[in-house]
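Have a look at the picture, then read on.

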Amino acid sequence: MAGSISERLTVTLRERINSGVLAPGSMLIEPALAQEFNVSKTPVRESLRQLTSEGLLQILPKKGYLVRAISMNDVYEVLEMRLLLEPHVCSQVARMHSAQLIQSLQGLLDDQERLAVSDPIASMHAARLFHSELSHAARNSRILAALDTCFAQTARAHYVLPAMQPYMSQSEEIAEHRAILAALARADADGAAQAMRSHLASIRSAMLGLPRSETAGSGAQAHPCGAARTHE
């Protein structure tokens, strides 16, 4: 029972952090959380340790746990991981997609477009579901686990970095999603991979301020901290 309580706490606190409800710099205290959730300190401690291992919290000895800020380096690394994995996912899914998947992705795109102006947060949620459902369809549990973490961290950046907010409602992102879907629907593996690669290049450009020429492809890429990285 303690384990299940800890897991539920972890899910709840992780969502609060990723959605910005618990903003960077917020302090989490074991006794206060135990009182809020009406549980003992043990599952709270287990949950906080798990979130610390995920890089969301930082231990402050004799004080509590601090919600970590998001740096541009964090964003860079998350998007670099997505750039490595998601084009491959698209290529795989294009070879084995179903009509049901295409219909579901179409519905999520329609939701994203419909909500883009009136509710950018809900539109972003639909966009995240688009990427998540696509990654589920590849049927690779390890890639899925890695990407689910990346999607959550990308969403957190949208919530807590003010400069990211305008990107949620840009029509360019929706058009890029439609290009991905069109390639999937015609079973074009190479086209789907390239469409996703181009889309992620746009995201990197919007979030990091890098020129698209530096975010697409597999050559050396400018690091936000000034160093260059080269994919082997």
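In the second largest pocket, the lining splits into 2 nonpolar, 3 polar and 3 charged residues. Keep in mind that you are looking at a predicted model.

Let's stay with that pocket for a moment. The second largest pocket holds about 160 Å³ of space. Its lining is made of R14, N18, E54, L56, D148, T149, A152 and Q153. Helices α1 (2–18) and α7 each bring at least two residues to this lining, and α7 gives the most, with 4 residues.

Now for the largest pocket, whose volume is about 260 Å³. There are 16 residues in its lining, and R68, I70, D74, V78 and Q153 are the closest to the centre. Two or more lining residues come from each of α4 (72–96) and α7 (141–160). The largest share, 5 residues, belongs to α4. Sorted by class, the lining of the largest pocket has 8 nonpolar, 3 polar and 5 charged residues.

How many cavities of 30 Å³ or more does the structure hold? There are 2 of them. The largest cavity has a volume of about 150 Å³. Its lining takes in 14 residues, with R82, R128, H131, T154 and H158 lying nearest the centre. Four helices, namely α6 (120–137), α7, α8 (171–185) and α9, each supply at least two residues of that lining. By class, the cavity lining counts 6 nonpolar, 5 polar and 3 charged residues.

| Space | Volume | Lining by class |
|---|---|---|
| Largest pocket | about 260 Å³ | 8 nonpolar, 3 polar, 5 charged residues |
| Second largest pocket | about 160 Å³ | 2 nonpolar, 3 polar, 3 charged residues |
| Largest cavity | about 150 Å³ | 6 nonpolar, 5 polar, 3 charged residues |

Next, the sheet. In what order do the 3 strands of the open sheet come? The order is β1-β3-β2, and the pairing is antiparallel. Strands β1 (27–28) and β2 (57–60) are at the edges with a single partner strand each, so one side of each has no neighbour in the sheet. A helix joins the picture too: α3 (residues 41–53) packs on the sheet and touches β1, β2 and β3. The direction of α3 makes about 120° with that of β2. Zooming in on one pair, β2 and β3 (residues 64–67) run antiparallel and are joined by 4 bridges. L57, for instance, has V67 in β3 as its bridge partner.

Is A195 buried or exposed? A195 counts as buried because its relative accessibility is 16%, and the cut-off for buried is under 20%. Which residues does A195 touch, once neighbours within four places in sequence are left aside? The contacts are A179 and I180. In the case of A179, the two residues are 16 residues apart in sequence, while their C-alpha atoms are 6.2 Å apart in space.

Note on methods. Residues numbered from 1 in each chain as written. Predicted model: local features only at pLDDT ≥ 70, side-chain atom pairs only at ≥ 80, totals over all residues. Heavy atoms only, no water. 1 Å grid on protein atoms, 1.4 Å probe; cavity = no way out; pocket = protein on both sides within 12 Å on 5 of 7 lines; lining within 4 Å. Points joined across faces, edges and corners; volume = space filled by probe spheres on them. Nonpolar A, V, L, I, M, F, W, Y, C, P; charged D, E, K, R; others polar. Buried < 20%, exposed > 50% of the residue type's maximum accessible area, 1.4 Å probe, protein only. Contact = heavy atoms within 4.5 Å. Pairing = 2+ DSSP bridges. Axes fitted to C-alpha atoms, helices over the stretch in contact; angles between N-to-C directions.
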